Amino acid sequence: MSIVDKFQKMGETLKDLELEKPDFENEQASGKKAPVSDAAEQLAIQYVAAIGGINNLEAIDVCLTRLRLTLKDLGLINETELRGLGAMGIVKIGENNLQVIIGPQAEGISNALKALKKQS
């Protein structure tokens, strides 16, 4: 049996399982968010201080291991403090964009930052 035949057979077997696919579009439309842990919330509060306050924060996004932030003033960030919080890297893009390389907890911190921003 060739490798192509093996993959075709495997594909047929997977089809037979009729696995339910996650419905990410409906989750996003319904506004469901992952719960924010206390640790992520505490880190988010510290990140807010390190980026110059909640009013300096315009937009928040996440990409795997990075926080992608749009700030009013990049000059207000404290790189030493960000690194002290665990940032493995800091990338300034243009005049207002900052990427903070955090690691796998980036999504949790992003969700906590969004919640904090919403409260302000």
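**View 1. The hairpin of β1 and β2 in the predicted model.** In the hairpin that joins β1 and β2, two residues lie between the strands, and L64 takes a positive phi near 55°. This is a predicted model, in which local features need pLDDT of at least 70 and side-chain atom pairs count only at pLDDT 80 or more, while totals for chains, interfaces and linings use all residues. Residues are numbered from 1 along each chain as its sequence is written, and side-chain values use heavy atoms, with hydrogens and water left out. Strands (E, at least two residues) and helices (H or I, at least four residues) are DSSP runs, numbered from the N terminus. The bridge partner of C63 is R66 in β2, and L57 stands opposite L71 in β2. Six bridges pair β1 with β2 in the antiparallel sense; strands count as paired if DSSP finds at least two bridges between them.

**View 2. The whole protein and its order of elements.** Five helices and four strands make up the protein. Read from the N terminus, the elements run α-α-α-β-β-α-β-β-α. Of the 120 residues, 28% count as buried; buried means under 20% relative accessible area, exposed over 50%, and partly exposed in between, with a 1.4 Å probe and protein chains only. Among contacts with a separation of 6 or more, 59% are between residues 24 or more positions apart. A contact here means heavy atoms within 4.5 Å.

View 3. Four strands form an open sheet in the order β1-β2-β4-β3, with antiparallel pairing. β1 and β3 (89-93) stand at the edges with a single partner strand each, so one side of each has no neighbour in the sheet. Neighbouring strands are turned by 20° against each other on average, direction ignored. Helix α5 packs on the sheet and touches β1 and β2, its direction making about 155° with that of β1. Axes are lines fitted to C-alpha atoms, for helices over the stretch in contact, and angles run from 0 to 180 degrees between N-to-C directions. β2 and β4 run antiparallel and are joined by five bridges; in this pairing T70 stands opposite N97 in β4. In general, strands of a sheet pair through backbone hydrogen bonds, either parallel or antiparallel.

View 4. The covered face of β2 carries L67, L69 and L71, and the uncovered face carries R66, R68 and T70. L67 lies in strand β2 and is buried, with a relative accessible area of 0%. Leaving aside neighbours within four places in sequence, L67 is in contact with D61, L98, Q99, V100, I102, A106, I109, S110 and L113. L67 and Q105 are 38 residues apart in sequence, and their C-alpha atoms are 9.7 Å apart.

**View 5. The largest nonpolar core.** This core has 26 residues, and those with the most contacts inside it are L69, L82, L98 and V100. At least two residues of the core come from each of α3 (38-50), β1 (57-63), β2 (66-71), β4 (97-101) and α5 (106-119). A nonpolar core is a set of buried Ala, Val, Leu, Ile, Met, Phe, Trp, Tyr and Cys residues joined through side-chain atoms within 4.5 Å. Not counting residues up to four places away in sequence, L69 touches I51, L57, A59, I60, N96, N97, L98, V100 and L113.

**View 6. Q99 and its polar contact.** Q99 is placed in strand β4 and is buried, with a relative accessible area of 12%. Its side chain makes a polar contact with the side chain of R66 (2.5 Å). A polar contact is a pair of N or O atoms within 3.5 Å; within protein, one must be able to donate a hydrogen and the other to accept it, and residues adjacent in sequence count only if both atoms are side-chain atoms. Not counting residues up to four places away in sequence, Q99 touches R66, L67, R68, G89, I90, V91 and I93.

**View 7. The salt bridge of K92 and E79.** The structure holds one salt bridge, defined as a side-chain nitrogen of Lys or Arg within 4 Å of a carboxyl oxygen of Asp or Glu. K92 forms this bridge with E79, and the closest N and O atoms are 2.9 Å apart. The pair links distant parts of the chain, with K92 in strand β3 and E79 in helix α4 (residues 79-84), 13 residues apart. K92 counts as partly exposed at 47% relative accessibility, and E79 counts as partly exposed at 31%.
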